[in-house]
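The following paragraphs lead the reader through a structure, from its contacts between chains to its confidence values. Please keep the sequence and the model in view while reading.

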Amino acid sequence: MTARPTSLTLGDRLRGGFHLAACAAVFVFLIAPMLVVVPLSFNAEPFFTFTEGMLSLDPDAYSLRWYRNVIQDGEWRHALANSLLIGLAATALATALGVLAALGLTSSSMPCRTLVTGLLISPMVTPIIISAAGMFFFYSSLGLGQTHVSLILAHAVLGTPFVVISVTATLAGFDRNLARAAASLGAGPWVVFRRIQLPLIAPGVISGALFAFAVSFDEVVTVLFLGGLAQRTVPRQMWTGVREQISPEILAVATFLVGFALLLLGAVEWLRRRGGGPAQGNT
Amino acid sequence: MADTDVELHVEFRGVSKSYDGQTLVVRDLDLDVRKGELFTLLGPSGSGKTTSLMMLAGFEAPTAGDILIDGSSVRETPPRKRGIGVVFQNYALFPHMTVGRNLSFPLEIRGVSEERQAEKVRRALEVVRLEGLQNRRPDELSGGQQQRVAIARALVSEPRLVLMDEPLGALDRRLREEMQLEIRRIQHDLGVTVVYVTHDQQEAMAMSSRVAVFHRGRIQQVADPETLYEEPEREFVARFIGDNNILRGQVTAVSGGTCVAETPGGPVKAVPVRPFRPGEPTALAIRPERVVLSSRRGLANEFEARIEEVLFIGDHLRMRLDLCGNRNFIVKIPNTVGHGAVLKGDRVRLGWAQMDCRALPDERAAV
């Protein structure tokens, strides 16, 4: 951010004011649809609109009944369990593969670096419907249709690019001499990785993993294609909810998801700031 | 094989290195490092000295040739098995470990018991005079202290061979000079062989048992510092080590250990570093402090010239003259009693002895 100049002309002030207003408008446009869900989820009535009571801030118009319903509902719990299982497994897989890929991509002897990076990142830019359709046919022919395994693999594919990108960025600031020093002190490749590299790139690995988890946790398209009733995840359950039984329970879940996403973002940001310290050479 | 009593520690045999398959960073390098000496690879940046050191450490593989340590090839030996301590230019201390953990790292890997580790770490810190800093983290130390920790870490598992890549480059001058003596002392006390890389010729002169001067991937000369200064064999060495006045000319007569070269200012008598044929171009090197301003007779080479400029340096005066085709002919005279006699614009008589003038092959045309 640049320092504010001491004297501003009228033109500068107008420009600045306009700039601020434009930013605010974009912000409202992006965020408001998400935030409006939050108060509605506390609606005492089974509606998706603000009741008169809510608008007059009558406490009786608000309630936690939809949250209670969600927690007590077996289907939602089943969906959450599925989301966590698939998310954690896919994250573990994506993190392991992504870190390995990033290590390879940053090695000086890597041939066709740009091409390979492009291929690894491609799940991020390929339309998800195409990936999902492709995986549907592929996994079906392997006999993996409608299994947790197929969803875990699919989500790992979608999450890996995030790990690759964030770890590659951290490795770019990694001093190669540290690895050389460790090797000259008698450390084999595994020890160098485990004791020197991994602790120093940990912030990048963790933030990549958090993104990978968030991708899996929010994902609905591949679940629609690859998952059966037994693989219903939270977003999939919401999808059903919207289509079949319009209930503010969905708003309660949505609020929970927004809060969870904010938590993840906060964690990533905290890691990013902390990462500046130990990962030497980032400056 | 003349010196059978000298034990060789490191040998480079016809080593070449290319990163892109075309340009050679190191060309056909032959080098012997003796046990227990402080051997310096000196040269400007890009001359191949650091690449040579990295090949010795095992971080880079030679494109051609072989490197021997204690007489056996290390071509197939990975860095971790070479038993070499390495000190890096940026220290390469592990930032997430304390000083103590940095030092015990190599010991831990080798399975040294915890008590022995603590003892060795304590001793290594004693050697570099950093007792009691075990629990600090590297970023809490000054540059000089980090440097000492890096040296201690390279020494802690008691290697017989230690490589140092411009270890003092990041320090200020005072600290650098202090650390030069310190490294010399440690090397001497422990009796280890040190291969040292620097681009600083004064540092190389002050510290080394022997120096190899690198230029464009080739060794120009290997000698002890005094020989390098007094008897350069290449024009590059003459220009790189200390100051030298270079006069260009053509050899006209050769007899025994002397020769005469014709310069734009007249004939100059010199000592040829190799047999010249009459007509060959030569670069004559004369040290600025060997030029005498006087009416004294009997110098082999005497000229008269106008003083273009006088600089007061402190301990000496530096005069610039236009002499024998060199418009930047420098003469240094010590700041002693009675020096004040020289002024800009004066015409002076000056001269130098034949043995202070070396006739070197002219390298202007050489690649």
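A salt bridge is a side-chain nitrogen of Lys or Arg within 4 Å of a carboxyl oxygen of Asp or Glu. The model shown here is predicted, and one such pair in it is formed by the side chains of B:Glu60 and A:Arg180, with an N to O distance of 3.1 Å. Between chain A and chain B the count is 2 salt bridges.

Beyond its neighbours within four places in sequence, B:Phe94 is in contact with residues of chain A, including A:Leu178, A:Leu185 and A:Ile196, and with residues of chain B, including B:Phe105 and B:Pro138.

Over all chains, the whole structure holds 37 salt bridges. In one of them, B:Arg13 and B:Glu11 meet at 2.8 Å, N to O; B:Arg13 is partly exposed, at 31% relative accessible area, whereas B:Glu11 is buried, at 13%. B:Arg239 pairs with B:Glu235, their closest N and O atoms being 3.2 Å apart. Both residues lie in helix H8 (residues 235–240) of chain B, 4 residues apart, about one turn of the helix. B:Arg239 is partly exposed, with a relative accessible area of 47%, while B:Glu235 is buried, at 4%. Elsewhere, salt bridges with shared partners join B:Glu119, B:Lys120, B:Arg122, B:Arg123, B:Glu126 and B:Glu158 into one network.

Chain A is assigned domain 1 (1–33), domain 2 (41–72) and domain 3 (74–273). The C-alpha centres of its domain 1 and domain 3 lie 36 Å apart. The mean pLDDT of chain A is 85, with 94% of its residues at 70 or more. Over residues 276–283 of chain A, however, pLDDT stays under 50, and the model has 10 contacts beyond four places in sequence for that stretch.

Methods: Residues are numbered from 1 along each chain as its sequence is written. Chains are lettered from A and ligands numbered from 1 in the order in which they are written. This is a predicted model: local features need pLDDT of at least 70, side-chain atom pairs count only at pLDDT 80 or more; totals for chains, interfaces and linings use all residues. Side-chain values use heavy atoms; hydrogens and water are left out. Domain bounds come from an automatic or database domain assignment. Contact means heavy atoms within 4.5 Å. pLDDT is the predictor's confidence in each residue, from 0 to 100. Buried means under 20% relative accessible area, exposed over 50%, partly exposed in between (1.4 Å probe, protein chains only). Helices (H or I, at least four residues) and strands (E, at least two) are DSSP runs, numbered from the N terminus.
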